[in-house]
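Trainee: I am new to this structure and would like a close look at a single part of it. Could you take me through that part slowly, and then show me what else goes with it?

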Amino acid sequence: MSTTGAAADPLAALGELPGVAESVESVRKSVDRVYGHRVMRRRSNAVTSEAALRGARGSAALSGADWALEEVRRRTDFSGQDGDDEARAVGAALRLTAEAGQLLSIWRQSPLRVLARLHLVAAGSDDARVGRPRQDGESVDEPLVELPLPGAAEVAGRLDGLSELIIKGSSAPALVTAAVVHGELLALRPFGFHNGLVARAAERIVLIGSGLDPKSVCPAEVGHAELGRATYLAALDGYVSGTPEGMAAWIAHCGRAIELGARESTAVCEALQRGAA
């Protein structure tokens with residue numbers, strides 16, 4: 001999303017696209033249903049923990065590690081020392097989910113620091129590419145996203161623009177801001193690897209920090225995974241196109257993902273109420 005020559009509040013302008021207001025309202029109603037559940041009054045921590053696990057599983061699935069929830073719950077070793085890339089992806093997703101809520105205050109002041117931290121947490125290694133935007137000539141290992149790769153100079157400029165928007169603040173609904181952060185990071189793929197995992201963690205940070213989902217019980221990653229990788233990538237194509245229709249479609253897709261995440265946690269609340277989880 002280029003901000004050159006854009007309106008004073010380009011995020012708010014996106015909120016006025018056709019259909020976006022309806023998506024925002026639908027998301028709000030879904031989130032309110034979870035927070036209004038009686039279980040949330042006394043066992044919200046349990047719901048948050050379960051949402052984190054399921055969200056991490058969903059994010060890893062979109063990065064090619066589509067494990068059953070119980071396998072994620074059961075496993076303790078995600079080092080991937082035996083060359084298991086899927087285990088590494090699941091471990092990275094779990095670490096990012098645990099880290100996201102700890103970075104809210106820094107996010108509002110320095111989003112680029114947070115993105116560097118997220119990549120460091122996801123990588124869990126001392127790879128020279130960790131925690132910094134890629135440079136010219138460096139490859140990107142993001143096999144499930146096949147969009148044209150922006151050059152390093154464009155990446156740096158657009159990351160600066162995104163950071164400026166976050167720091168400045170916006171009157172845009174949280175859904176719009178979260179969708180733009182998510183879409184921009186996926187479009188840019190600023191790091192050598194784990195860009196999808198970082199993009200979805202950043203979306204989570206926006207949703208928590210905005211107050212829309214302060215307890216992090218509506219895991220959008222669950223919804224993105226449930227809607228399917230093909231649908232996810234098709235919606236991302238709309239974002240990258242930069243057209244009003246494409247942007248609105250991506251925002252609506254992200255809204256639907258949040259709604260499905262909220263539905264998942266509502267089911268968790270019901271299970272807790274029955275004493276089955």
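Mentor: Ala 252 is partly exposed, because its relative accessible area is 31%, and in this predicted model Ala 252 belongs to helix 13, which covers residues 244-274. Although 229 residues separate Ala 252 from Ser 23 in sequence, the C-alpha atoms of the two are 5.8 Å apart in space.

Helix 13 also carries Trp 250, and here the aromatic rings come in. The structure holds three aromatic pairs, and in one of them the ring centres of Tyr 232 and Trp 250 are 6.1 Å apart with their planes at 50°, so that the pair counts as tilted. Since Tyr 232 sits in helix 12 (residues 229-241) and Trp 250 in helix 13, the pair ties together parts that are 18 residues apart in sequence. Tyr 232 counts as buried, with 2% relative accessibility, and Trp 250 counts as buried as well, with 0%. Ring pairs join Tyr 232, Tyr 239 and Trp 250 into a cluster.

Side chains of opposite charge can pair when their charged atoms come close, and a search of the whole structure finds 16 salt bridges. One of them joins Arg 158 to Glu 184, with the closest N and O atoms 2.8 Å apart; because Arg 158 lies in helix 8 (residues 152-168) and Glu 184 in helix 9, this pair ties together parts that are 26 residues apart in sequence. Both Arg 158 and Glu 184 are buried.

As for confidence, the protein averages a pLDDT of 93, and 96% of the residues score at least 70. Over residues 2-6, however, the pLDDT is below 50, and this stretch has two contacts in the model beyond near neighbours in sequence.

Terms used:
Residues are numbered from 1 along each chain as its sequence is written. This is a predicted model: local features need pLDDT of at least 70, side-chain atom pairs count only at pLDDT 80 or more; totals for chains, interfaces and linings use all residues. Side-chain values use heavy atoms; hydrogens and water are left out. Helices (H or I, at least four residues) and strands (E, at least two) are DSSP runs, numbered from the N terminus. Buried means under 20% relative accessible area, exposed over 50%, partly exposed in between (1.4 Å probe, protein chains only). Rings of Phe, Tyr and Trp (its six-membered ring) pair if their centres lie within 6.5 Å; planes under 30 degrees apart count as stacked, over 60 as edge-to-face and the rest as tilted. pLDDT is the predictor's confidence in each residue, from 0 to 100. Contact means heavy atoms within 4.5 Å. A salt bridge is a side-chain nitrogen of Lys or Arg within 4 Å of a carboxyl oxygen of Asp or Glu.
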